[in-house]
Amino acid sequence: MKPAAFAYERATSVSQALERVQEAPGAKFLAGGQSLLAVMNYRLARPARLVDIGKLGELCRVFEEPESMLLGGLCSHRFVETDELIGRRLPLLREAAHHIGHVAIRNCGTLGGTIAHADPAAELPAALIALGASIFVERHGQQRRELAVADLYQGFYSTLLEDTDLITWVRVPTLAAGSGWGFKEVSRRHGDFAEAGCAAVVRHSEGGLTARLVLFGVADRPLLFERTLHDGDPESWSALAHDLASQLEPTDRADYRRRLAAHCITSAGSDAQQRLSGEQGGERRV
């Protein structure tokens, strides 16, 4: 199918883009187009105007901070996957980006776009929640505000954001000393949507190990669990994984997805624990 008729214009600055979307009810921002154009082709979305922000270089930058990194909302998935600084300081984010679709898709899709689209099987939102990331949101005539990614999602393709809101920056804390990360996804074929997945951050604590686990692909939004393991042996991880998986209520193939979720939790959590005393960067993939 083809999309319904719409007006198109290319913004030359963030302020202009915000103003133009505010002026036209039903207008939407267009960045990489990997999600929006698909739903427009099925006429599930019929925006009256598209304001193209894809060429705004000011939102394609990365800044290094002492305990975090600031990533522009227009950084592509491929950039997140291959940038050396991101790979060194945010290896979990790099690994999550590597699992998105195929290279052609990763070259077009953007960080802000995947956060705003709210696909429950998306990899980067899960990794961002595991890392405790936040987004900066701007709207014409209002002050910039900061929101935790973990508080953003309300359900299938639903967030707290309005059509006139634009994600301009993403602040991602880097892993503290004594922390490890893990990521596991199961899909039918490489590049397919995740049947189930888990992003994990594990750190030492007084009670043993504190695990921050985010499941994706098994509910209407990413699910965050924080648990403490007194003993990080395989039996403990397996017990925790099956306990969390039993709490899930997938909308289809429930038993199958619970089994996949338990496998992903065990794998991602165990990998995170192994990295506690190992090399944080891990293997580099391009």
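Predicted model: local features only at pLDDT ≥ 70, side-chain atom pairs only at ≥ 80, totals over all residues.
Trainee: Before we look at details, what is the mean pLDDT of the protein?

Mentor: The mean pLDDT is 93, and 97% of the residues reach 70 or more. Over residues 279-286, though, the pLDDT is below 50, while in the model this stretch has 22 contacts beyond its near neighbours in sequence.

Trainee: Okay, let's go to helix α8, is it buried or exposed?

Mentor: Helix α8 covers residues 123-131, and nine of its nine residues are buried, so the helix is largely enclosed by the rest of the structure. Among the buried residues are Glu123, Pro125 and Ala130.

Trainee: Which residues does Ala130 touch, not counting those up to four places away in sequence?

Mentor: Ala130, which is found in helix α8, touches Leu92, Ala199, Val201, Arg212 and Val214 when residues up to four places away are left out. Ala130 counts as buried because its relative accessible area is 3%, and the cut-off for buried is under 20%.

Trainee: And how far is Ala130 from Tyr8?

Mentor: The C-alpha atoms of Ala130 and Tyr8 are separated by 37 Å, and the two residues are 122 residues apart along the chain.

Trainee: What comes just after α8?

Mentor: Just after α8 you find Gly132, which takes a positive phi of about 75°.

Trainee: New topic: where does Arg20 lie?

Mentor: Arg20 lies in helix α1, which is made of residues 14-23. With a relative accessibility of 23%, Arg20 counts as partly exposed, and its contacts, not counting residues up to four places away in sequence, are with Glu9, Arg49 and Val51.

Trainee: How far apart in space are Arg20 and His140?

Mentor: From C-alpha to C-alpha, Arg20 and His140 are 8.9 Å apart in space, although 120 residues apart in sequence.

Trainee: What about Glu58, where is that one found?

Mentor: Glu58 is found in a loop, with strand β3 (49-52) on one side and strand β4 (62-64) on the other. Its relative accessibility is 35%, so Glu58 counts as partly exposed.

Trainee: Which residues is Glu58 in contact with, leaving aside neighbours within four places?

Mentor: Once those neighbours are set aside, Glu58 is in contact with Ser13, Val14 and Trp169. If you pair Glu58 with Arg253 instead, the two are 44 Å apart in space, C-alpha to C-alpha, and 195 residues apart in sequence.

Trainee: Switching to cysteines, how many disulfides are there in the whole structure?

Mentor: A search of the whole structure finds zero disulfides.

Trainee: Last one, which residues make the nonpolar surface patch of about 460 Å²?

Mentor: That patch is made by Met1, Tyr42 and Leu44. Met1 is found in the segment before strand β1 (7-10), and with a relative accessible area of 70% Met1 is exposed.

Key: Residues numbered from 1 in each chain as written. Heavy atoms only, no water. Helix = DSSP H or I, 4+ residues; strand = E, 2+ residues; numbered from the N terminus. Buried < 20%, exposed > 50% of the residue type's maximum accessible area, 1.4 Å probe, protein only. Contact = heavy atoms within 4.5 Å. Patch = residues over 30% accessible without salt bridge, like charges linked within 9 Å, V, L, I, M, F, W, Y side chains within 5 Å. Areas by Shrake-Rupley, 256 points an atom, 1.4 Å probe, with all protein chains shown as cover. Salt bridge = Lys/Arg side-chain N within 4 Å of Asp/Glu carboxyl O. pLDDT = per-residue confidence, 0-100. Disulfide = S-S within 2.5 Å.
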